[in-house]
Amino acid sequence: MTNILVCDDDKEIVDAIEIYLLQEGYRVYKAYDGEQAIRLLKEQNIQLLIIDIMMPKLDGIHATLKIREYSSIPIIFLSAKSEDTDKILGLNIGADDYVTKPFNPLELVARVKSNLRRYTQLGNLNVENNALFTAGGLCINDDTKEVTVDGESVRLTPIEYNILLLLVKNKGKVFSIDQIYENIWNEEAIGADNTVAVHIRHIREKIEINPKDPRYLKVVWGVGYKIEKQ
Amino acid sequence: MDDQRIQDDNRKTEQKKKSKKGRTFLHVLQHIALVTAVVLAVTVLAGSYLSLPSRKGVERYSLIGEDRSAAFEDSRLFNHLLGNNISDVICYGAIRSQMETEGVFDPKKEIDITAFAGRYGELPQEYITARYYLDDLLKWAQAGLEYEDVWMSGEEVNRFLSSGRTLTKLDPGNSGAKYLTSDLTGATQVVDVSGNLLDPSDLEREDVQENILKNRHRTVDGKNIENFVSSWEEYHSLCDNLSASVNDLYINYNNYLDYKDYFDAGDSNIVYLISKTIGGKTEVYTNMENSTGTASQLEKELKKRCDKYIYYDVPRMEFETNTMIEESTLRYLLNGYEYAYPEETKVMIGVDSSYSAMDSFTQARDGFGNFVPYLWQYLSGAVICILIYLLLLMLLTRQEGVVYRRDTGERAIALQPEDHIPTEPMILAGILLLGGSLYGISKAVNMLWQSVESGFLIALAGASALLVSLIFSFFYYSLVRRIKAQILWRGSLLRRMAKAARRWILYFFRNSTLILRVWVPLGVFVLVNGGLVLLIFCLAMDQKWLWFPVLLILAALDGFVGNVLYRSALARQRVLEGIELIREGNLSHKVAEDGMFGEDLALAKAVNSIGESVKNAVETSMKDERLKADLITNVSHDIKTPLTSIINYVDLIKRQNVNDPKIREYIEVLDVKSQRLKQLTDDLVEASKISSGNIVLQWEKINLVELLNQTIGEFSEKFEEKALFPVLRAPKGSVFIEADSRRIWRVIENLFNNILKYALQGTRVYIDLGFYEDEQKQKLVMLSIKNISAQPLKVSPEELTERFIRGDESRTTEGSGLGLSIAKNLTEAQKGAFEIVMDGDLFKVNLIFPLLEGE
């Protein structure tokens, strides 16, 4: 049984999240401020923490800083603060994910699952295979042509697979539409159109929890596409 | 509370009074210090010199350098005085030997004139002389020796001059003896040499005109000079001896009287005892009252009376003293009067330890005792006083005029009435008064230095010092107060004059027409210049050098005018540059006003004040915008939390299998509206941030073709849903601009979302990318997005980009209404232009960016 601690000063939000998580078969502990969360974390065997930032007594940032002193469990920030700077701060001090309010409950659940999988399964994944390419939770086995995200298998068309493989092989490098086209189709791009862009969108819809806020396949607008180095 | 304040005030006032009293006390102390220092210094100066009576008059002695630990008797002064007195005693003794017999003045003392006249030398064995009584010679000296020219025939001469010479022979036993020996009875024998022993020719004398002495007195044996000689040569020689003796004796007689007074017992502390023995006869000179005892008794008594003495026994070469006088000195003195002191001479001179007589020794002892032991005290006292004075000067300079306002406790400078006198006359008066009094004092000191009592001199110096100190303090502290109150320049006549001149000039410039303002100075300048040039020519004609300084003056004048013109031009240029900079948006720019004057200064000030107000207005509006953005951000945070619950629970209700279609419809409405609310809050925050300039852009090289392809790819399915057909018409290759990747995407995304919402279904959407050049030959990129509106366009393009304004005013459709506003503001933030063109149902948006060339 996986134990998840949900911490928010808004009781209704905690209750709603609890309902969704219970449906997925998790056991849920509830806390309404940072101090409670820390106490519960010490008392119970918690595998994942969802925590709000703006809370009375001890806010999410400081609670996370304290928790990170002794624990490495996945922490997902849940906050009304949607600025880039807030997200960067949250991720930098030790959170694994950042979900802005108001959130889509399904997306939250998906992120919980994804984080748990990475924490429990991928942590001990130790494969020495030249044909294995990974980027965070994204894993491509070029021998079996199999793509998994946080351990879950994803089905891609051959072109989508090839595009993704190209990008994963060159993590961090930005490929323009023309470059992708020339690499995949092996012919000169004359007035390349939006074909590649459509494929990319399809890949994103398959591997990303929220395609509009991608974790792996990022769009560099006006320049091209890349897989983030993680 | 009030009581407390009153008490505080009282305390402050008291303190103020105290501090004022304290300061007055310090001022008085300062004067006292200076006066004391001067008094001490003058005391040292006056006391360091002693004016002591001596036989020759008043003599001055310096006490500087005396050992202050030594007794007066061991001082240089004492020994100096003693030396002088010894010299006088020796001299007196010699004179006494001429005037006295057995220690008493003897008018009938016989004087051998040849021996006397030659007393410093050695006498020949035989010589011609005459003997007169002392009183006769002195009387003769008073009356004066008289001569007359007489014509004599040979016979008369024969009758006048003796036919033989009278020679005086010294006893053979007295060979090598001197004048002294001639004084002894029986030491000489008189021999008349008869005429026949002479050369016969001697008796046949010629007629002559001769200078003959009038015989006022006769010799002891009733003769005259001519009775002793047989030739004119001998006659004149003897006359000369007589004349020398008369003169010397007369002088010595006067000295004798002086010395007698000087050394009389009771008038002098000098006690002397001189005994000399000539030919077995001992004479004793002394000023001891009891002079009857034997020599050794007298010596003992002298030693008893005098702690300090000298004893010199010439024949035994015994010299004894407890003073600094050396034997050689005494020997030298005695040798000077060799004729008066025979080999057998004993000298003993002492200073009476009781100092009973008011003579130079007593005065010297008093002066010495008053001064030497205290010299260092005086000097250090003076130095300390000077130091105190300087210290007080510093302290008071710092404190001068400082007061603290009773109500606020603020530091302020209190001015005195004299501080309002203009600076220059004040300084001038100070210099004149101070200089005048110093000059007067120095004159007075020079005049009085020698002649007045030192006490008076010291009092005078003290009074002068007080006067100078008062004058100095008065002017000095006034200056200090002025400097502190910063009215030194403000209170000066020079400034008043400068101000008046300036006012006049400004008055002239303000109240005259432009023509007058330009032409009058120019006219004056040309006239002066011309005049000076003319003057130079005239001077160069006849004066060789005078033209040069005039040329220098001319050059200086022209240089000055040039400088003024240059500075004016410079000022205008600065003002123009400033206006240009402000116009370009550098609102914090200030035109530097330094060095400007007149109209230029007014201009610069005006420009600066305009710039300042614009800057303030812009800053205020920016601040307002930022506050608004912050407010909106905070409100949106507060909205988001309840919105989260709404969205979550609507979703949860949807998951309950609700069968009632009505309820399902209601839930759908809730779902859509809550999602819209979410979008609205996000857009609101973003719009307010962009318009308040609260975003940081990350500039990148953006390929617009790539961007459009990416965007169309993203939107392809949505377009298909709405049956819209995007048509991209772009040049081949890449079109680069500089922009922020995510922000430019946001612009395009908003525009596409707008199209999705409002475009007529089944139409094409044209996306055109092209270049053109503007007036400045800058290459621009224009991106046009055109679509056909589903609804008639009723609003103006301006209204469309205003916040919360949308094409349809009913506000029932989806969207926040901020899309176009955000797109426009973001475009402008990225140095682009955003325009909307509407033509019937055609809706067109043009985005214009500068082309990034080079690749």
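Q: Two strands pair if DSSP finds at least two bridges between them. With that in mind, what makes strand S3 (residues 48–52) and strand S4 (residues 75–79) of chain A a pair in this predicted model?
A: The model, which is predicted, has 4 bridges joining S3(A) to S4(A). The cut-off is at least two bridges, so these strands count as paired, and they run parallel. As for a position along them, Asp52(A) stands opposite Leu78(A) in S4(A).

Q: Why is the sheet of 5 strands in chain A called open, and which strands stand at its edges?
A: The strands follow the order S2-S1-S3-S4-S5, with parallel pairing. Strand S2 (27–31) and strand S5 (97–100) have a single partner strand each, so one side of each is left without a neighbour in the sheet. From one strand to the next, the twist averages 20°.

Q: How do you know that helix H1 (residues 11–23) of chain A packs on the sheet, and which strands does it touch?
A: Contact here requires C-beta atoms within 7 Å. H1(A) touches strand S1 (3–7), S2 and S3 of chain A, and its direction makes about 170° with that of S2(A). Helix H5 (residues 105–120) of chain A also packs on the sheet, touching S1, S3, S4 and S5, at about 175° to S5(A).

Q: What makes S20(B) and strand S22 (residues 764–773) of chain B a pair?
A: They are joined by 5 bridges and run parallel, where at least two bridges are needed. One bridge sets Arg729(B) against its partner in S22(B), Asp768(B).

Q: Where do S20 and S24 of chain B stand in their sheet, and why does each have a side without a neighbour?
A: This open sheet of 5 strands runs S20-S22-S23-S25-S24, and its pairing is mixed. Strand S20 (725–729) and strand S24 (833–839) stand at the edges with a single partner strand each, so one side of each lacks a neighbour in the sheet.

Q: Which residues have the most contacts inside the largest nonpolar core, and what makes them core members?
A: They are Ile86(B), Leu238(B) and Ile349(B), in a core of 70 residues. Membership asks for buried residues, of kinds that include Ile and Leu, joined through C-beta atoms within 7 Å. Helix H2 (residues 76–99) of chain B gives the most to this core, with 11 residues.

Q: Where does this core lie relative to domain 2 (82–100 + 264–357) and domain 3 (107–260) of chain B, and why?
A: Both domains give residues to the core, so it lies between them. Leaving aside residues up to four places away in sequence, Ile349(B) touches Ile86(B), Val89(B), Ile270(B), Tyr272(B), Tyr309(B) and Ile310(B). A second, separate core has 63 residues, including Tyr225(A) and Leu704(B).

Q: Which element gives the most to the side of chain B that touches chain A?
A: H17(B) does, with 11 residues. The contact takes 31 residues from chain B and 28 from chain A. Other elements of chain B giving two or more residues include helix H18 (661–691) and helix H20 (741–758).

Q: How confident is the predictor in chain B, and how do you know?
A: The mean pLDDT of chain B is 82, and 91% of its residues reach 70 or more. Residues 1–6 of chain B are below 50, and beyond near neighbours in sequence this stretch has 0 contacts in the model. For the complex, the predictor gives an ipTM of 0.82 and a pTM of 0.46.

Definitions and conventions:
Residues numbered from 1 in each chain as written. Chains lettered and ligands numbered in written order. Predicted model: local features only at pLDDT ≥ 70, side-chain atom pairs only at ≥ 80, totals over all residues. Buried ≥ 20, exposed ≤ 12 C-beta atoms within 10 Å, placed from the backbone. Domains from an automatic or database assignment. Contact = placed C-beta atoms within 7 Å. pLDDT = per-residue confidence, 0-100. Axes fitted to C-alpha atoms, helices over the stretch in contact; angles between N-to-C directions.
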